[in-house]
Amino acid sequence: MTKTVQTLCALATLCLGGVAAPAYANDSTAQMKTGGLEFVQTDDIEMAEEKLYVSPEKVTVEYRFHNKATRDIEALVAFPMPNLESGLEVNVAIDYDAGDNFLGFTVNQDGKDIKPELQQKALVHGVDLTDRLKALNIPLVPNSKASTEALEKLPADKLAELVTLGLARVDQWDDGKGMKEHPTSNWTLNAVYWWKTVYPAGKDVIVKHSYKTSVGGTVDLTYLDENGQPKGEQWNDYVKRYCLDDNMVKVAQKSWKSNQAGNGPLYVENWISYILMTGNNWAGPIGKFTLTVDKGKPENLISLCGDGIKKTGSTMFEMQKTEFYPERDLEILLLVPANFQQ
């Protein structure tokens, strides 16, 4: 998947939970890398087909597995949530107050909903300190209103213990009533949904899951150098990651000139990342792989690396492969008109 894809009018504006990237103080919001399901390694389960749909609003994946063995196989399936980091300086396109299931993850098999188990770990430098927070009734989602309020209510000695362990820190800022100390979560939340499933002998199983897309972005275009030229480290990185073509250069240079003239940029960047390479735990390649990208508004632009992507409708683009081994993750660059209108 290294061929440059033609620049397309594509995809909707950044919007997750109604908050656009420019609302953040540092003018940049990081997208969280998400992916598909992970399976226990087996030589008997084939992935006959995978259908992946990606838009700025949601990701849906449908798998068709085939058990080629003559016996039923029970196996563990997991969906790793992206790690949630702590700190006021962390800007990610996630609603920390959405609760444990902050991506709105759902899954079903053969049309029946699955209620997976949820494993959560509060980590500091890789050390699992979850029990220390649970003992104090501190909610595990960092940066959330619930965890912040719980930290603020702790006795001084208990808060000091968490600070010593690296689970919390105390910051100072003016809350409108003068400078005050405020306790802040300082752990990384690692969360995994998991369940056991049975693959019947000689039969297919259809597994579907979906979740909200994490979309990152900036308030400008960043892949040209300070002179508006396609040069430098950022440019080289974007070429490898998004397979930029000449039209993406022309659009960026028009936006750069507008910004230099004091009129502001014409476009801003949005990013979507999907981890394709977490799979390969099944027997052989993916028999049939279909990627569908929903373009949303026609005035937006997209660039991504792929081979054979075709426009299939007014808002859809599709790539189909057979006997497919993912060789790189999916990285999507969106250029969105800089009107920031809700």
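A polar contact is a pair of N or O atoms within 3.5 Å; within protein, one must be able to donate a hydrogen and the other to accept it, and residues adjacent in sequence count only if both atoms are side-chain atoms. In this predicted model, local features need pLDDT of at least 70 and side-chain atom pairs count only at pLDDT 80 or more, whereas totals for chains, interfaces and linings use all residues. Residues are numbered from 1 along each chain as its sequence is written, and side-chain values use heavy atoms, with hydrogens and water left out.

A polar atom of the Glu269 side chain lies 2.5 Å from the backbone nitrogen of Thr222. Glu269 belongs to strand 17, residues 267–275 (strands are DSSP runs of E with at least two residues, helices runs of H or I with at least four, numbered from the N terminus). Glu269 is buried (under 20% relative accessible area, with a 1.4 Å probe and protein chains only). Glu269 has no salt bridge (a side-chain nitrogen of Lys or Arg within 4 Å of a carboxyl oxygen of Asp or Glu). The nearest side chain of opposite charge, that of Arg241, is 8.0 Å away. Residues that Glu269 touches include Gly216, Asp220, Tyr238 and Leu334 (heavy atoms within 4.5 Å).

Elsewhere, a disulfide joins Cys243 to Cys305, with an S to S distance of 2.0 Å (the cut-off is 2.5 Å between cysteine sulfur atoms). The link of Cys243 and Cys305 is right-handed, with 105 degrees about the S-S bond. Cys243 lies in the loop between helix 4 (233–242) and helix 5 (246–260), and Cys305 in the loop between strand 19 (301–304) and strand 20 (310–311), so the pair ties together parts 62 residues apart in sequence. Cys243 is buried at 6% relative accessible area, and Cys305 is buried at 4%.

Key. Buried < 20%, exposed > 50% of the residue type's maximum accessible area, 1.4 Å probe, protein only. Lys, Arg positive; Asp, Glu negative; His and termini not counted. Lists of a residue's contacts leave out its neighbours within four places in sequence.
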